[in-house]
Amino acid sequence: MKIKILKEALLLPENQNCEFESQCKEHIIGEIVCGFLNTTGGYLVCGVKVVNDEATLLGVDNRDFVAVNSVQQALQEGLSPKTLVSIQDQKIEGKTLLVIKVPAGRDLPYAFRNVIYLREGQSTYRADVGAIREMVLREQVEPERWERRYSSADLELDIDKDEIRKAVKDIQRLRRAEFKDAENPYAILEYLAVAKYGRLTNGGDVLFGMNPAIRSPQIRVRAACFPTDKASSTFQDMKSFEGPLVPILNETRNFIIRNTPTIAIFSKNKLQRRDESIYPPDAIREGLINAFAHRDYADFSGGISVHIYPRRLEIWNSGSLPPGITPELLIKGHKSVLVNPDISHVLYLRGFMEKLGRGSVLIMEGCKKLGLPQPEWTSGEKTGVTLTFFAPEITIQMPSPPQDFTDRDEELRELQAKFAGSTNIIGLRGIGGVGKTALALKLAESLRDSYPDGQVMVDMRGTSGNPTTPTEAMASVIHAYHPAEKIPEKETDVKIMYLRVLEDKHALLLLDNALDDKQVLKLFPPKNCGLLVTSRKIIKLPGLYRMDLDVLKEAEAKELLQKVWSSTSASSERYVADPTWSDIARLCGFLPLALRAAASYLANSEDISPTKYAEELKDERTRLELIGNEGVELNVDASFNLSFQRLPLETQQIFLNASIFPADFDAKAEEQVCQDEGHKGLSELLRWSLVDYKPLGPDHGRYKVHDLARLFASARQSDESKAIVRERHAEYYRELLSAANNLYLKGRSYIKAGLSLFDREKANIMAGQAWASENSETNSSAAILCMSYPDAGFYVLDLRLHPREKIDWLETALAAVRQIRDRSMEGKYLGNLGRAHSDLGETRKAIRYYEQALTIDRDIEDRRGEGADLGNLGRAYSDLDEPRKAIEYNEQALTIDRDIEDRRGEGADLGNLGRAYSDLGEPRKAIEYNEQALALARQIGDRRGEGADLGNLGRAYSDLGETRKAIKYYKQALKISREIGDLWSEGNRLGNLGRAHSDLGETRKAIEYHEQALKISREIGDRRGEGNRLANLGRAYSDLGEMRKAIKYNEQALRISHEIGDRRGEGKRLHNLGRAYSDLGETRKAIKYNEQALALARQIEDRRSEVADLGNLGIAYRNLGDAKMAIDYHEQAIAIARDIEDKQNEGEELCNLGKAYLDLNETNKAIEYCTESLDIVHKIEYRKIEGDSFCTLGNAYSNLGQMDKAIDLYDQALKIFKKMEYRRGVGEAQFKKSQALYKLGRRKEAAYLANQALQILQQVESPQAEKVLEMLAK
Amino acid sequence: VVADGGKMKDSRKLTIMVSSTVYGIEDLLDQIYTHLTAYGYEVWMSHKGTVPVDSSCTAFKSCLDAVDKCDLFLGLITPQYGSGKDRRERSITHQEILRAIKLKKPRWILAHDHVVFARSLLENMGYKGKKGRKTLSIKKSQIMDDLRVIDMYEDAIISQKPLRHRNGNWVQKYDKNNDAILFTTAQFSRFQEADVFVQENFEDMERVNKALKDRGGHS
C-alpha cells in the first residue's frame, strides 16, 4: 500500500510530520513522541513497515487494548512535563495500527524518561546542552498562559470534589493514568498539573471549580434557540450555563439535542427510514469540545455561545484559530496545536478529546454521512471562531414568489391559520391570472419551517393539451429527493415508492395548475405532508380546504400597480394621482395578471402618462390589447385562451354568450339567454373558473364572468350574434322585472321578495332596458321591449328608480310608442312622466305632461285615461296650493269615473277631494269625502283604497284636534296595511301614528312608532319614506328639547331628500332645521336655514311651505327681539295663506302676529289679532291654535292687569288642550295661569298649579319645566 | 533511530545532591533531574531513588551521608516542610541543608515564593525570627504546612550571622517551575561547560562561591 493511500485511510493530514514504526516499543515511541513535542508535533503510526514509499501493514498486538494502554501509560508516566498525546488503534485491512498524535508542545523542553529528545526530518536525537538551554530561554520569553496562571479560587472551598471524583473515574476507566492517591483531591489536581503549591490554576478552576464564572465570567456558555432563521430578539429557549467545564459541556450538548428536532432519514437502497438527530451528535460534541478546548479564556469579554436556528446551528467561541490554522486546513485535517494544553490534557485523559487535529474532519464526515451540507468555520481576530452546522438541505424545487407580490394578507393569514390547524391540503381555485400560483408560492415560502424536508412544485399542465399524468407527477416528486432513483413501470409501484419517499417526511407539495380531482387524487401524500393545489377548475378532495381566489381588492390592486410601476419605471414622474390608479385598477378588473402587465406597459412607455393610459383603457374594444403582455409570461388574452381552447366548441359558444351579462346572474337566466339547457355549459365554465360562482343556498347561486374575460369573449363574437343574445337578455329581464312587480303587488312578504329580486337583477334589468333603448330606432323588437320596460315594473320602479332614471326610461319608451303611434300608451307614459316630474317637485312641468296626456286621451276618447289625467292635474294643483283648482279637476275626474263606473278611480277622486278640502281648512267636508271614499272602497273590496281612506280620515280628525279619533283611524289603516302586506303604506301609517302621539305629548311613544316606520322604510329601500321618518324623529326630539339630536336627524333626512330629488321634502327639512336652531337659541343660523327653505319653497311654488317658512322667520326675528321684522314676516305669511285659502296657517300666523304685537306692548293690537285668529281656528276646529290663541289672549289681559279675565282665558285654553290631551299645551297654560294667580296674591293656588304644570312639563320633557322651577324657587 | 547527542566529554561526573521535600513538586523534580543529567551530572535525588543507600543504616543517615559525599548541593525549600523522625525533630531536608551549610558544600538553594513571602509578612507583623514565631502555629495546608520552612529558609540565608559573615548564602526565590528550570539551566549548564574550571577550584569553596556570586542572584 502506498503511504499516501495509508495516510488517507487513517485520515492523516498530508504534509505533516509522520513516522512509521513496525514495532510497538514503548521507549522508541516515547523518544519519537518527545521529539515531536519539542519540535512541531507529528504523527506516529505503529504496526507499519515502510520501505521507500511502500507501506506494509503488520499490525500490533492489540488484545484487550494492551498495546494502547501500555503505550498510553508509558507516555503518561515517562513524559515530563505531562502533556496531551493521543493514542488510538485503528483497523486497516484487518490489522490494528496504533496512531499516536502529538501536538507541538507548549511547555518546552519535554523529556521522556528524563531525556530530552529532538526531531529533525526522520530522525530523533538527544538534545545537547545548547539546544536545551535555547529551549529553556525561549520558553521564558513566552508570556504565561491564562490557564496556567493562579486562580483566586480557594482550594478548600471552591473546588467541585464531585467533579474531581468523576474525572478520576473517567481516567481510571480509560486507564490513561494511575493515581498514587486517588482519594486526595489536591494530589489529583497536582497530578493533572492544574494546582501547585496550594493554588489552583485558572485551567484547574475552569475544569474543577465549583463555579468558576464567579471569578471569570467569560466562562459562561450562552445557548439560545430561535424560532426563525433570521437573527431576532425573540427566542424560544435561552439558557446560560455555568459550572465546571465538563458538566456545562454536557448541558450545552443536551440543550442542542433538545432543541434540534430528530428527523426521519430515508435510506436510499431500500425504501426504509430511520429517525436520527438532525445534526450528528458526535459532530456536535466534537464541535463543542473544540470550542471549550481552544477558546480564548483570557479575554473577559470572550465566551462560548450556541445559537440554534431552525435551519442551522452555530457554535461560537472567542479567540481565533491557532496560528497557521485556517478554515481551509480545518476541512482537510491539520496538525494539532493546543491553545490550552492543560485543559485539553485533562479533557483527553477523561476521554473527551480523542482525535487531535482531526475533530474538524470528523465533524465534516458526520455531516456528510447524514447528508447535511458541509459545515463552515469562520474565524477572525476579533470575531472569534464560529462553527456552523446546516440543517439538511431542503429540497426546494419551488421558485420564489414574485418580488412585488402584493399582500393578499387576509387570504395568506387564513391559509396559514388552516395549516396551523388541522388542515394540510389547500386548494386554490380561480380564474387565470388571478394569482393562484403566486399566492401558493408565497404561502409555501412562509411554511418552510413547518416543512423542513422540502418543498416540491409539480406543473400539472391542467390547461395544456397533455396534462401531467399522475405517474409523471409522482416521478418528479421521487426524483426531487432521489435523483437517481429508477421509476418502476407500473403505476401502483410508483405510488408505493412515492408514498415511501414521503412517509414521515415533512414536505410540502405544490401541484400547480391541476386539471381536475382525478389527476390530483392519485397524488395524495401521507398525512405529514402538506399539499397545495392550484387550479382553474374546482377540485374536490377529502379534507381539502378550498379557497376561491377572487380578484384583488381595490387597495391591493392599486398597491400592486404602484409597486410594479415604480420598480420598473424609467419615468421621472414619481407621483401619480390616486384616482388614476383606481381607474386603471378597475379597468384591469383588479386581476393581478392584467395589473402587472398594465403597470409594466406603463412603466416602459415614457410618452404615455398614467392618466392618459387610464383614459385609453376605457375603450373596451382595445382594452385587452392595451394592457399588453409586458412583464408577464402570458398576457391576459393568452391566459384566458388557455382555458378557452380547452373547451368544447359548444361550451365556447356558451361562454361567448354568457359574456353579455354585464353583472352576475343566475343559472335560469343563463339557460334562457345562452340557450344552455340545464346550464351544463355554464357548469363546465365554472369548472374552468371562466365564470365565478357564489352559492346563495343549495343549488342556487350567482355566476359572474370576469370583466376582462367578458372583453376577451366579446372580441371573439360577431355583432350579429351579440345582438341576438342581447335581445334574449333584454327580453328575459323585462319578464323578470314584470315578475318582480307582480310579487310586489301580491303584498306581504312578497313585497320584499319582489324588491329584492329587482335589487339583485338591477344591473341586468338596466342593461336590458339600455340595450332596448339604444336599439329601439333600428330594431322593432328592441322598440317593443323599450316600450314595455317602464310599465312592466311600475310599482317597483317607483320605489327603486330615481325620478330622473324613470324619466329617461319613460322618454325613450315614449319615443318608441310615438314611433308605432300607440296613442293610448303615449297618453299613459305622458301621465307617468308627469308623475316623475312631480316627484322632483317640478309641478309645472308635471302639469304640462298631464295636459298633453289629457289631450291625447280626450282625442282617442280614452275616458279612463282622461279620468286619471284629471285626477293627476287635481293633485298637481293641490301641490301648488291651489285647492279650488284642485277641487275643480278632481270633480271632473269624479264625474268621468262615475260615468265609466271606474269605482276604484272614483274612490281615488273622492280621496283627493277630501285632501283638497282639508287644505281649504274645511275638515268636516274633507271627512265627508273621505267617508264616501271609504264606503266605496269597502263596497268594492279595495283594501288598499280602504286603508288609504282611513289614513286620510285620520289626518282630517287630527286637523280637528281629535287626536284620539285620528289614532283610531290610523290604527285601522295600519291593520289593513299589515293584512295586505303593504309595507310601504305600513310605514306611512306608523309615521302618522307617531305624529299623533307627538300631538298628545307622548313623545317617547311617537319615537317608537317613527323608529318602527324607519326600519320598514329602510328594509324596502323606500328612500322617500326614510327621509320622512327621519324628519319625524327630528321633530320628536325637538319636542323633547334634544335639539342636537333633532338637527342630526333632520340633516340625515335633508341628505336623502337631496339624493332622491325630493325638493318639497328638502324644503321641509330646511324648515325643520331652522326651527331647531331657533329653539337652540342659534337664531342667526335659524334664519339662514329658513331663508334657504323659503327660497326653495318659492322656487317650487310650494306656497303652503312658504307660509310656514315666513312664519318661522317671523318667530326667529321675534326671538332676536326684532318684533317689527317679525310682524312683517307674519303679515306676509298671512297674505299668502289667505291667497291659497290656507285657513290653518292663516289662523296660526294671526296668533303669531298677536304675540309679536304683545312684545311691542301694543296689547290692544295683540288682542285684536288673537281674536281674529280665534274666529278662524274655531271655525275650522283647528284646536291646537285655538288653545294657543286663548293663551296669548290671556297673556295680553295679564299685561293689562286684568287678571281675572286672563285666568278665564287660560282656563279656556286648558279646556281645549285637555280635551285634545295636548299635554304640553296643558302644562304651559297651567304655568301661565299660576303666574296670573300669583300676581293676584293667590299664592297657594299658584304654587299648587305650578306644581301640576311642572309635573306635566317634566313628563313631556319640555324645556319649559325649568322656567317653572325657577318660578317655584321664587 | 535515536542518536546520542549529548555525551559527557569526561568520564568522571560531578555528583549533585538535590535535596527537597517531594510532595507536590514531583514534576519539577523530574525536570530538574532531566536537566542536570543532560548537563552531565550524576544526580542524587531521593525522588528518583538515586541517592546512594547504605543498607546498614537508616534512610535519614543515608541522605545525610550523601550530602557529605556529593560534589555539589542543590536544595529546594518548598512550602512543605517534610518529615523528620518525629514531629518535633527537624525534617530530613532541613537537616540536609544545615549539613551542607556546615560542610560549606558548593551549594545552590531554591526557595519557593510562599516561604520568602511568609517570612517577610510575619516580620512585618512583628514576628521576627524563630523566636518571634514561636508563639505562632499554622494550620496545615497546601499553601504551607509548617512554619519551620521559614526557619529552614533563614538557616539557608544564614540570617543569624551578620551580613558580612554570610558566605554561601545564595538562595534563589522561585515561583513557577519555569523559574526553577531557568535557574538550574543557567547555573549548571555553564558548570558543565567549564568543567575544568570547576575541577581547578574544587578545593577552594570561597572561590567557587565568589564565582557564583559574580553570575548574579542575591542573598
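Author: In β17(A), the residue that bridges to Ala224(A) is His307(A). This bridge belongs to the parallel pairing of β13(A) with β17(A), which is made of five bridges. Two strands are said to pair if DSSP finds at least two bridges between them. The elements themselves are DSSP runs numbered from the N terminus, with helices being H or I of at least four residues and strands E of at least two.

The model is a predicted one, in which local features need pLDDT of at least 70 and side-chain atom pairs count only at pLDDT 80 or more, while totals for chains, interfaces and linings use all residues; side-chain values rest on heavy atoms, with hydrogens and water left out. Residues are numbered from 1 along each chain as its sequence is written, and chains are lettered from A and ligands numbered from 1 in the order in which they are written.

β13(A) also pairs with β14(A), here in the antiparallel sense and again over five bridges. In that pairing, Arg222(A) stands opposite Ser240(A). Because four of its five residues are buried, β13(A) is largely enclosed by the rest of the structure. Buried denotes under 20% relative accessible area, exposed over 50%, and partly exposed the range in between, with a 1.4 Å probe and protein chains only.

The strand is part of an open sheet of six strands with mixed pairing, in the order β14-β13-β17-β18-β20-β19 of chain A. Its edges are β14 (237-241) and β19 (376-380) of chain A, each of which pairs on one side only. Direction ignored, neighbouring strands are turned against each other by 10 degrees on average. Within it, Val385(A) is the bridge partner of Ser379(A). Helix α8 (residues 245-259) of chain A packs on the sheet, where it touches β13 (221-225), β14, β17 (304-309) and β18 (312-317) of chain A. The direction of this helix makes about 170 degrees with that of β14(A). Axes are lines fitted to C-alpha atoms, for helices over the stretch in contact, and angles run from 0 to 180 degrees between N-to-C directions; contact means heavy atoms within 4.5 Å.

Confidence should be kept in view. The mean pLDDT (the predictor's confidence in each residue, from 0 to 100) of chain A is 84, and 94% of its residues reach 70 or more. Over residues 264-275 of chain A, however, the pLDDT is below 50, and this stretch has 25 contacts in the model beyond near neighbours in sequence. Where pLDDT is low, the predicted coordinates should not be read in detail.

Asp342(A) is 148 residues from Val194(A) in sequence, yet their C-alpha atoms are 7.1 Å apart.

The backbone details remain. Most residues other than glycine have a negative phi, and most peptide bonds are trans. A cis peptide bond joins Ser80(A) to Pro81(A), with omega about -10 degrees; Pro81(A) is in the loop between β5 (79-80) and β6 (86-92) of chain A. Another cis bond links Leu108(A) and Pro109(A), with omega about -5 degrees, and Pro109(A) lies in the loop between β7 (95-102) and β8 (111-112) of chain A. Glu93(A), in the loop between β6 and β7 of chain A, has a positive phi near 45 degrees and is exposed at 62% relative accessibility. Asn1161(A) likewise has a positive phi, about 65 degrees, without being a glycine. Its place is the loop between α49 (1143-1159) and α50 (1163-1179) of chain A, where Asn1161(A) is exposed with a relative accessible area of 56%.
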